[in-house]
Amino acid sequence: MSTFVSRPPSLSWPGYRALNEIDGSSGGIVISHGLIESADIVGVEAVLPADQIMLCVHIGGSIRMRNRSSFTNFEREGRAGTANLGVGGQTYNIEYSAERCECVRFLIARSWFDHVLEDQAPNTQVEFIDPQNRPDHQLTLLAQMALRRSANSPVDRLLADSIGYAVAAEILRTWSNITVTGTAQGLEKTGPADRRMMLVHDYIEDNLTEPVSLTDLAAISGLSMTQFMRLFKVTFGVTPYRWTLQRKMDRAKLMLTQEGLSVTQAAYELNFSSSQHFSTIFRKLNGIAPSTFKRLMDPSND
């Protein structure tokens, strides 16, 4: 029997081909979109790092799995909309037969689950439950959302942070012994909400050309990660990722017009992985390509 050890930041696996992989800006989260074309794997011993949780959400094709460990024991087919979970520090004896199985895999450090629980059930011993290739609609929606990221840029890494946090919260809510509520606790104890969010707002404005992480923003607010995520959404009406992206696009407009930067230069300054990625986001949020916007706003064209 061969032994395979999955180590961060890689989410590779025997027979698995990663199509795209990205790590979060705060560390501790890796998201991989991949495919098992067609494989019959027998007698694989897989080991995950002790401080990691791995979630696999199937979004296409099928895979027949037999998985044996002290954590889980099942034999079941996985199809689109189903998921399975592995905890670190366990040795898994796996056999599987796949037919163009497409999936999104999340490797999440246990510290991210602590972020979710810190204002509700701190220092609680979490016991995870393996879905064992059963359907999970909410995790499937989050996996599909993860497919929207297109590159390993600072912008996409902030999105990976946001999705990873949401996945950790959903795993705790549905596949653990913990009850995660939607009620923010203790917000009134840390001062006026507008002041805390203004500190975060100013930090984002001052760092539009620099990488920004969720842990940095939560620390600036003086709130736990869970409190920060909720209060930010209440204050600004959108997630930190969406707000930061929109502010980057507003800054890009000034770069393209008042500062005379090219589309490529603006993309580079704002930490996008490529001008194509930048142009896609600009068009999506503004309804016009950045090159067209720059041309229309140039007075010399009158």
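Student: Does glutamate 205 count as buried, partly exposed or exposed?
Tutor: Residues are numbered from 1 along each chain as its sequence is written, and side-chain values use heavy atoms, with hydrogens and water left out. Buried means under 20% relative accessible area and exposed over 50%, with partly exposed in between (1.4 Å probe, protein chains only). The relative accessible area of glutamate 205 is 24%, so glutamate 205 is partly exposed.

Student: Which residues do salt bridges with shared partners join into one network?
Tutor: The structure holds nine salt bridges. Those that share partners join Arg17, Glu37 and Arg100.

Student: How far apart are the closest N and O atoms of glutamate 37 and arginine 17?
Tutor: At 37% relative accessibility, glutamate 37 is partly exposed. Arginine 17 is partly exposed too, at 41%. Their side chains form a salt bridge, with the closest N and O atoms at 2.8 Å.

Student: Which strands hold glutamate 37 and arginine 17?
Tutor: Their salt bridge has a closest N and O distance of 2.8 Å. The pair links distant parts of the chain, 20 residues apart: glutamate 37 is in β3 and arginine 17 in β2.

Student: Why are glutamate 170 and arginine 173 separated by about one helical turn?
Tutor: The two form a salt bridge, with the closest N and O atoms 2.7 Å apart. Glutamate 170 is buried at 7%, while arginine 173 is partly exposed at 49%. They are about one helical turn apart because they lie three residues apart in helix α3.

Student: Which residues does threonine 244 touch?
Tutor: Threonine 244 sits in helix α7. At 5% relative accessibility, threonine 244 is buried. Contact means heavy atoms within 4.5 Å. Not counting residues up to four places away in sequence, threonine 244 touches Leu158, Ile204 and Leu208.

Student: Which residue of β6 is the bridge partner of cysteine 56?
Tutor: Two strands pair if DSSP finds at least two bridges between them. β4 and β6 pair in the antiparallel sense over five bridges. All six residues of β6 are buried. The partner of cysteine 56 is asparagine 84.

Student: Which residue in β8 stands opposite alanine 83?
Tutor: In a regular strand the side chains alternate between the two faces of the sheet. Thr82, Asn84 and Gly86 point one way from β6, and Ala83, Leu85 and Val87 the other way. Two bridges join β6 to β8, antiparallel. Opposite alanine 83 stands arginine 134.

Student: How many contacts does the stretch 182-193 have beyond four places in sequence?
Tutor: The mean pLDDT of the chain is 82. Over residues 182-193 pLDDT stays under 50. Where pLDDT is low, the predicted coordinates should not be read in detail. The model's count for residues 182-193 is 14.

Technical notes: This is a predicted model: local features need pLDDT of at least 70, side-chain atom pairs count only at pLDDT 80 or more; totals for chains, interfaces and linings use all residues. pLDDT is the predictor's confidence in each residue, from 0 to 100. Helices (H or I, at least four residues) and strands (E, at least two) are DSSP runs, numbered from the N terminus. A salt bridge is a side-chain nitrogen of Lys or Arg within 4 Å of a carboxyl oxygen of Asp or Glu.
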